[in-house]
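This briefing goes through a protein and DNA assembly by topic, from the domains to the helix pairs, the strands and the chain interface. Please keep the sequence and the structure open while reading.

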Protein chains: 2
Amino acid sequence: MAALSPGVLGALDPTSDRAVFRQIADQIREAIDKGRFKEGDKLPSEAELVEHYGVSRMTVRNSLSILQTEGLVVSEHGRGVFVRPRPPVRRLASDRFARRHREQGKSAFIVEAEAAGSKSEVDSLEVGEERPSQDIAARLGSPRRVLARRRRYLLDGRPVEFATSYLPLDLARNTPIAQPNPGPGGIYARLEEMGHRLDHFDEEIKARMPTPQEVRTLRLASGVPVIHLIRTAYDTEGRAVEVCDTVMAADAYVLAYQLPAN
Amino acid sequence: MAALSPGVLGALDPTSDRAVFRQIADQIREAIDKGRFKEGDKLPSEAELVEHYGVSRMTVRNSLSILQTEGLVVSEHGRGVFVRPRPPVRRLASDRFARRHREQGKSAFIVEAEAAGSKSEVDSLEVGEERPSQDIAARLGSPRRVLARRRRYLLDGRPVEFATSYLPLDLARNTPIAQPNPGPGGIYARLEEMGHRLDHFDEEIKARMPTPQEVRTLRLASGVPVIHLIRTAYDTEGRAVEVCDTVMAADAYVLAYQLPAN
DNA sequence: CTTGCCCACTCGTCTATACGAGTATGCCTG
DNA sequence: CAGGCATACTCGTATAGACGAGTGGGCAAG
């Protein structure tokens, strides 16, 4: 039961006014930053840390909970506390909705995933009519009812994104868009076939901590924020034809945009 | 000392297998969501919650710490625990670096802030030469040394963003760009005057929890992630002339992009 | 050899207590 | 009335102990 990780963690400074649990968190954080604990490594158990620092278990747990909310470590019941592995990230390029991609027939998500060598799935597909929230209604020009298409995307079995598309009912009712599978190229291809040639998209991006519901849906570790993206699609007549509300696990994504300088 | 918030919080379900501290957190969260506690409101004190639920103080604190990491509440030593107020949000439009804005002479940040009726400041401006990190070097075409310009932006006295611009030394040395104040229109205006007509920007966006250093610099409440934006500016010859690394308080920003559909 | 159980070790939940430190209020003093 | 102090109330830090529940390895029985 002696120090299982000899020399990796130092001693406390009793003269410091920094709280003990913060000092412990600082030392572990530094050890991770410097690579003395690597991705996936098991940290010393709570009991070992109690032993090493001569503090009570609650103090140690307090330290570990700090590192957990920072997203540095994850704890697994019955197994230990581990340095959080950095998952592969998906890069979302700003041209992912370009017409030329649509014309190839596959959905943007699947094309990109396959290019990255990952296995992708889409599940919990729900399609139905509903009353839009105030925010969605405002973006769509205040329709009374909308068609909502909900789906969750998984990458190599891990849920990474949950998205809902909203379309005005007068536009989507009794069309392939109201079917679970709207056909090759997705709903944007169908919209264009129906005469709504797409002109541009507006995207709004926020980041925040997930709600408990989002934690479940995306199986998020603690300390992982979400990226909340709201995209509005406009046709060439300036009408908003779709709003897509997407919540992404922030540790699985990097968004890329290209902006002209003029 | 009776229930100071009569009826707002319910009772525990002893038959539930949901942990007590989670049930308490659930009830407070629901009360906030439904508006029974409003922004800035003081929650019942820990002692009152202990009384109300008949649990120990550590259990109550555990509940509150959940809500804190979710970003729903903030605690203030000696005062109480409060529903976190949603700060005013700065909207960053994707045309904020358009040439027409530059030609007006003011920096993008200040122009936007004034338009929104906020008072803006820039502080901790540091300009100096340094060795670039591996990542920055790769984006700039592997220069050995770079000019770094660091600054922090404040809105109505609150720090919201910390940014560092990196430029290849051969391009920036002995130019106004190496001065603390580069003059009207900022460094992009100077670059264009020097013959580097800007063509486009690449922006990469990630979200994550802040480091302790970022918590201090941006005075972040717990439960607030950061948005990490890395922008690379290219001139018309395809050369990367600047990389700007920006860390933003996520609760203060919404990023907006417009994408063409073709 | 395989199956199943037990046990040791891990983190999860909860209690009870103590003292420290920051804040606000009101009273007392000058 | 102004200033300062006492006090009560707030959250912060830390201890010690108890039991529960998930995991994994080893041992024993079949």
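**Domains, helix pairs and contact surfaces**

In this predicted model, the C-alpha centres of domain 1 of chain A and domain 2 of chain A lie 38 Å apart. The domain assignment of chain A places domain 1 at residues 20-83 and domain 2 at residues 90-256.

**Contact between the domains of chain A**

- Domain 1 of chain A brings 5 residues to the contact, and domain 2 of chain A brings 4 residues.
- On the side of domain 1 of chain A that touches domain 2 of chain A, the residues are 1 nonpolar, 3 polar and 1 charged.

**Helix pair α1 and α3 in chain A**

- The axes of α1(A) and α3(A) cross at roughly 50 degrees and come within 8 Å, and the two helices are therefore oblique to each other.
- The handedness of the crossing of α1(A) and α3(A) is right-handed.
- From α1(A), the residues V20(A), F21(A), I24(A), A25(A), I28(A) and R29(A) meet T59(A), V60(A), N62(A), S63(A), I66(A) and L67(A) of α3(A).
- Sorted by class, the contact of α1(A) with α3(A) holds 8 nonpolar, 3 polar and 1 charged residues.

**Helix pair α1 and α3 in chain B**

- In chain B, helix α1 (residues 20-33) packs against helix α3 (residues 57-69) at an angle of about 50 degrees, with the axes 8 Å apart, which makes α1(B) oblique to α3(B).
- Where α1(B) passes α3(B), the crossing is right-handed.
- The α1(B) residues V20(B), F21(B), I24(B), A25(B), I28(B) and R29(B) meet a set in α3(B) that consists of T59(B), V60(B), N62(B), S63(B), I66(B) and L67(B).
- The contact of α1(B) with α3(B) is made up of 8 nonpolar, 3 polar and 1 charged residues.

**Surface near DNA strand C**

- DNA strand C is surrounded by 20 residues, of which E46(A), V20(B), M58(B), T59(B) and G78(B) are the closest.
- With 3 residues, α3(B) gives the most to the surface near DNA strand C.
- The surface near DNA strand C comprises 8 nonpolar, 9 polar and 3 charged residues.

**Surface near DNA strand D**

- Around DNA strand D there are 20 residues, and those that come nearest are V20(A), M58(A), T59(A), G78(A) and S45(B).
- Two or more residues of the surface near DNA strand D come from each of α1 (20-33) and α3 (57-69) of chain A, and from each of α2 (46-53) and β2 (80-83) of chain B.
- The largest share of the surface near DNA strand D belongs to α3(A), with 3 residues.
- The residues near DNA strand D fall into 8 nonpolar, 9 polar and 3 charged.

**Interface between chains A and B**

- At the interface, 32 residues of chain B are in contact with 32 residues of chain A.
- On the side of chain B that touches chain A, the elements giving two or more residues are β7 (198-208) and β10 (253-260) of chain B.
- The largest share of that side, 11 residues, comes from β7(B).
- By class, the side of chain B that touches chain A divides into 17 nonpolar, 7 polar and 8 charged residues.

Conventions. Residues numbered from 1 in each chain as written. Chains lettered and ligands numbered in written order. Predicted model: local features only at pLDDT ≥ 70, side-chain atom pairs only at ≥ 80, totals over all residues. Domains from an automatic or database assignment. Contact = placed C-beta atoms within 7 Å. Nonpolar A, V, L, I, M, F, W, Y, C, P; charged D, E, K, R; others polar. Axes fitted to C-alpha atoms, helices over the stretch in contact; angles between N-to-C directions. Helix = DSSP H or I, 4+ residues; strand = E, 2+ residues; numbered from the N terminus. Parallel < 35°, antiparallel > 145°, perpendicular 65-115°, else oblique. Left-handed = near helix turned anticlockwise from the far one by under 90°. Near = placed C-beta within 6 Å.
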